[in-house]
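This report is meant to be read beside the sequence and the coordinates. Please keep both in view while following the residue names.

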Amino acid sequence: MNNKKEAAVPDPNKGMTIIVKTITRLTVGLILLYGIYILSHGHVSPGGGFAGGVIVALSFIHIMLAFGKDVALKKLSMRAASFFESLGALLFLLIAVIGFTGGSFFLNFFADKGEPFKLFSAGIIPLCNIAISLKVGAGLFSIFVILVMLKFTVDGKKGN
Amino acid sequence: MLLYFLCLVLFSIGIFCILRKRNLIKIIIGIIIAEYAVHLFFALVGYRAEGRSPIFTPSENIFNMVDPLPQALVLTAIVIGLAVTAMMVAIAIRIYDKYGTFDITKIRKLHG
Amino acid sequence: MHNIIPIFVIIPLAGAFLTSLIGKKVKGVPDMLGNLSTACLLIASLLSISFVSKCGVLVYKVGAWVPPIGITMVMDGFTSFMLVTVNLVAFLVTVYSVNYMEKFTSKWTFYTLFLLMLAGMNGVIVTGDMFNLFVFMEIASVASYALVAFGTEEEELEASFKYLIMSTVGSLFVLLGIVFMYSYTSTLNMADMAAVLTQKGAGNITLFTGVLFLMGFGLKAAIVPFHAWLPDAHPSAPAPISAMLSGVLIKSLGIYTIARIFYNVFGMGAKFTEVLLIFGALSMVVGALLASGQWDFKRLLAYSSISQIGYIILGLAIGTPLAILGALFHLFNHSVFKSLLFLNSGALEYATGTRDMRLMGGLKEKMPVTGRTSFIASMSIAGVPPFNGFFSKLIIIFAAVQAGYIGYAFLAALVSVVTLAYFATVQKNVFFGSPSGALTASDGKVTKKWDDIKEPPVFMKVPVIILAIICIFGGLLIAPRFSQNFLKAATDALMAGKDYAATVFGGLGL
């Protein structure tokens, strides 16, 4: 795949049929958006970091299934996925450690914790959700890529 | 009571699968089945007759809700299960890479 | 002062993810970060002893949530004792890995997984919450599966898969036990659980859960009916990892959890005592007998681990203060000399390229440091007087006699003789005896010339020497002056039994 705009000019030899590719093009953005919605509303409705992260990862896996792995890896390379995975974990740990400033590990340190059913409330919980979704999304995507590519280095899959 | 019994049956199927099957992938499936039986049992422990889901809404007050803690814990356990399953599949594929078979009776370099 | 408790989880986790973030590109960073984290942990764990001796039990409320609802981290004598054991071995092993892991391509992966495993172990030891314990146990286990398969050769993958399957089934039983315990006591906090169990009375469900926990944690600890994975998994891993797995992983995931749950949560009953006594004696005998028939150096060490775990379980089962002191002392000693022996086996493999003892001989001239340290460790594990292993075995046997278990005491002494026998064989075959001209494999191929054999690099020698020194002077730890805050405090924490609940809730007020 060496064409720049791979989504606009699909290579007919790679991936699935034109029907699948067209549907994927239409839906993949919505899936990504839905994932972001789930993760950002984790504190006011069911869902949260893990579920949102899984849906975000699924949108990339969706591209991979329809267009082949080259296109998907161009959108999110393995290096970037691995970077985001570590970054998510570190961010989560950092949020937990900042709790020490208030006196306790994992303390919800915002003075004003907001009120129920408001998006900008709940202190550190939305931030934690974002960190978890980074970790889960990148981690799940890289697990999938590693298992697909058959050329893997044995990697630590952490239960977080 | 029937539900708990079915849970036990599911668990037994999983354990049977682990003990009796010769194929690596079937062993992995057995572990997943047994794991899900335990998760199901955990979720059932938190059940309450006529209970509803423990989601707080602005419009109404909830009186009889099921225990939310097991659900949160089951979610964690599922995540751990995901990590373990990914690890198992990765190792199984690599074993297939080296030995060219999934049959455990043929994978026998270690003994003693 | 309380803030020291989460440190034990924060440092290794931060080290692990920083290593995977920047260690990939910059060479030398993984070594530095790994050693720095474990050194900090060692210092913190030594500090924790003085903290515990000063103010008794420390209880930490994670996120400032009050205990029965929130997660607690508890630090008493037993915790700080285990932390020192784990982090001491971990630090020396990371120093050793600087040179040993050169031959593998991705050092950062190794350090990431290693620190994750360490985070899991420290978490298991520090936590006061049942489900949290399960989560940390799984983190440590998953990291160790990957580490066993680190070399990605046929044997390693096979061993790792076997370990993975059995260990996962063990974790399932633990989870099932936690479910039953939660449904009976409707709490997950270990101290609260103990309080509820005292109040409600321990029924059949406690027995059933006890059996489930014994299966689950027994699998992690490789007690004999559940030991089949250990002799495959431990030799297959790289030498530093073998030292970690055999030295501390089976103890923190297996022995620590068994001791903590059976003593402090359930309260030791006559039935548990009986079962643990039989399992301990069985592990002791079977492990020693199987070890004496091995020619692979690391496999022999793995079987001998099973045998020594039997001693610890036996001591814990007898349950008198003296027996528990002996068991914990033996736990510490075993992590020291078993990791020393595994590191020696790594040095041998590094120098000669083989693990088969029949091919070696007369190596003490070529490798004086390895030869001497492994001699000290072998004598120590066999229980020869001046070394630390002698004192711990003596205490266990003495306690068994005192408690009236003459048969078990006799068995323990007998197994000690068998241990001496097979370690004498090791010494004779590997280090003493006539040097063979060249090391030849079974098909007649020369693996390494005699003249090419030399001592390993400096970072592989230093930790070995430190461990040998601990072996020689370890016996001093039972002197009242040293044992007061270390072994005695740990024993007291276990002997408190179900007062654990009262102590933990009392510690909250501080």
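## Basis of the values

This is a predicted model, in which local features need pLDDT of at least 70 and side-chain atom pairs count only at pLDDT 80 or more, whereas totals for chains, interfaces and linings use all residues. Residues are numbered from 1 along each chain as its sequence is written, chains are lettered from A and ligands numbered from 1 in the order in which they are written, and side-chain values use heavy atoms, with hydrogens and water left out.

## Chain A

Chain A holds 5 helices and 0 strands, where helices (H or I, at least four residues) and strands (E, at least two) are DSSP runs numbered from the N terminus. Read from the N terminus, its elements follow the order α-α-α-α-α. Chain A has 160 residues, of which 43% count as buried; here buried means under 20% relative accessible area, exposed over 50%, and partly exposed in between, with a 1.4 Å probe and protein chains only.

## A nonpolar patch on chain B

B:Leu2, B:Phe5, B:Leu6, B:Leu8, B:Val9, B:Leu10, B:Ile13 and B:Leu40 make a nonpolar surface patch of about 720 Å². Patches are made of residues with over 30% relative accessible area and no salt bridge, like charges being joined within 9 Å and nonpolar side chains (Val, Leu, Ile, Met, Phe, Trp, Tyr) within 5 Å; the accessible areas come from the Shrake-Rupley method with a 1.4 Å probe, and for residues only the protein chains shown count as cover.

Helix α1 (residues 2–20) of chain B contributes the most to this patch, with 7 residues. B:Leu40 belongs to helix α2 (residues 24–45) of chain B, and its relative accessibility of 42% makes B:Leu40 partly exposed.

Rolling a probe the size of a water molecule over the atoms shows where empty space is left. Over the whole structure, the search finds 5 cavities of 30 Å³ or more, a cavity being a set of points, on a 1 Å grid over the protein atoms alone, where a 1.4 Å probe fits but cannot get out, with lining residues having an atom within 4 Å of a point. The second largest cavity has a volume of about 80 Å³, where grid points are joined across faces, edges and corners and a volume is the space filled by probe spheres set on the points.

The lining of the second largest cavity includes B:Glu35, B:His39, B:Ile80 and B:Val84 as well as C:Phe134, C:Glu138, C:Leu172 and C:Leu175. At least two lining residues each come from α2 and α3 (68–99) of chain B and from α5 (130–148) and α6 (154–185) of chain C. By residue class, the lining divides into 6 nonpolar, 4 polar and 2 charged, with Ala, Val, Leu, Ile, Met, Phe, Trp, Tyr, Cys and Pro counted as nonpolar, Asp, Glu, Lys and Arg as charged, and the others, Gly among them, as polar.

## Salt bridges in chain C

Over all chains the count comes to 7 salt bridges, each a side-chain nitrogen of Lys or Arg within 4 Å of a carboxyl oxygen of Asp or Glu. One of them joins C:Asp31 and C:Lys107 at 2.8 Å, N to O; this pair links helix α2 (residues 29–55) and helix α4 (residues 107–126) of chain C, the partners being 76 residues apart. C:Asp31 is buried at a relative accessible area of 14%, and C:Lys107 is buried at 14% relative accessibility. Another bridge joins C:Arg260 and C:Asp76 at 3.0 Å, N to O; C:Arg260 lies in helix α10 (residues 239–266) and C:Asp76 in the loop between β2 (72–75) and α3 (77–100) of chain C, so the pair ties together parts that are 184 residues apart in sequence.

C:Asp232 and C:Arg299 also meet in a salt bridge, at 3.2 Å, N to O, and this pair links helix α9 with helix α12 (residues 297–318) of chain C, 67 residues apart. C:Asp232 is buried at 3% relative accessibility, as is C:Arg299 at 8%. Salt bridges that share partners join C:Lys162, C:Asp232 and C:Arg299 into one network. C:Lys162 lies in helix α6 of chain C and is partly exposed, with a relative accessible area of 36%.

## Positive phi angles in chain C

Most residues other than glycine have a negative phi. C:Ser186 has a positive phi of about 45°, and is placed in the loop between α6 and α7 (190–200) of chain C, where C:Ser186 is exposed with a relative accessible area of 56%. C:Ala222 likewise has a positive phi, near 60°, in the loop between α8 (204–221) and α9 (230–236) of chain C, but C:Ala222 is buried at 1% relative accessibility.

Conventions
On a 1 Å grid over the protein atoms alone, a cavity is a set of points where a 1.4 Å probe fits but cannot get out, and a pocket is an open set with protein on both sides within 12 Å along at least five of seven lines; lining residues have an atom within 4 Å of a point.
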